[in-house]
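Please open the model in your viewer and keep the selection tool at hand. The stops below go from the whole chain to particular pairs of elements.

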Amino acid sequence: MSIENRIRHVRAYTLRGGGADYHDQDAGHWIDDHIATPMSVYPEYRQSRQSFGLNVLGTLVVEIEADDGTVGFAVTTAGELGAFIVEKHLARFVEGARVTDIEKIWDQMYKSTLFYGRKGVVLNAISAVDLALYDLLGKIRQEPVYALLGGPVRDELTMYATGARPDVAKKLGFIGGKMPLHHGPAEGEEGLRKNLEMIRDMREKVGDESGSCWTAGCPLTSNTPPGWRTARRSTTSNGSKRHSLRMTTGATPSSRSRSRPRCW
């Protein structure tokens, strides 16, 4: 690879149905089946997350082409809004730049969008461009991206699966599963009781050798029923094994033993 390889063109496309926007699924998919969210305080939006527009954006695909014809690509959740940002704003920092100018390009994209960005769709769009640049450089150098970042530090990755069936995740070889709960604090003690029944049923299916984490994506407030606050502080324990129930949306790890998967 010549250090003079430069970027010829940036293209952005949108897709519907699955893809990077994993909430954009057909009716009946588990990811849209009565999962607790901050919108669960409104009964009309409890049953389906698509009902309040969680899948409205869709998938953004970014392609970056070098002057030798090599193309790097990446995907994210951003849809038409992200495509507009990439082609009308961010492309100016990419086209004509060297394929190795990844850090400089990221800095320019981030600082130039501070007025309307810093989070949400804008950062998603920036991330797609950034990932496509790494994909492009890896293809030109014929190296995996982890080599571009300094090389591997382990031979394999330990993974858990997020989904409605931790028992299936166990059969597929994952060390554990994270299952979203159906009921939030707005549903009171009855909602908490139903969640605990779900947890108990799944624990019986997966056994005590499989790690587990349960999430209810709802923030606790001063109006949260007392039982929910107790549940947040406690876990169902079996000896040294701990199975966590997390109620907040903040980026804090759930209680876990060292042998358990990290759940966020």
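## A tour of the chain

With the whole chain shown as a cartoon, you are looking at a predicted model, in which the chain holds seven helices and eight strands. If you then colour by burial, buried residues make up 44% of the 264 residues in the chain. Among the contacts in the chain with a separation of 6 or more, 65% are between residues 24 or more positions apart.

Next, select residues 79-94, which form helix H1, together with residues 102-112, which form helix H2; their axes come within 9 Å and cross at roughly 145 degrees. The crossing in which H1 passes H2 is right-handed. To see where they touch, show the side chains of His 89, Leu 90, Phe 93 and Val 94 on H1, and of Ile 105, Gln 108, Met 109 and Ser 112 on H2. Sorted by class, this contact of H1 with H2 has five nonpolar and three polar residues, and no charged ones.

Which residues of H2 and H3 make the contact? On H2 they are Ile 102, Glu 103, Ile 105, Trp 106, Met 109 and Tyr 110, while H3 brings Leu 123, Ile 126, Val 129, Asp 130, Leu 133, Tyr 134 and Leu 137. The residues of this contact of H2 with H3 divide into 11 nonpolar and two charged, with no polar ones.

How values were computed: Residues numbered from 1 in each chain as written. Predicted model: local features only at pLDDT ≥ 70, side-chain atom pairs only at ≥ 80, totals over all residues. Heavy atoms only, no water. Axes fitted to C-alpha atoms, helices over the stretch in contact; angles between N-to-C directions. Helix = DSSP H or I, 4+ residues; strand = E, 2+ residues; numbered from the N terminus. Left-handed = near helix turned anticlockwise from the far one by under 90°. Contact = heavy atoms within 4.5 Å. Nonpolar A, V, L, I, M, F, W, Y, C, P; charged D, E, K, R; others polar. Buried < 20%, exposed > 50% of the residue type's maximum accessible area, 1.4 Å probe, protein only.
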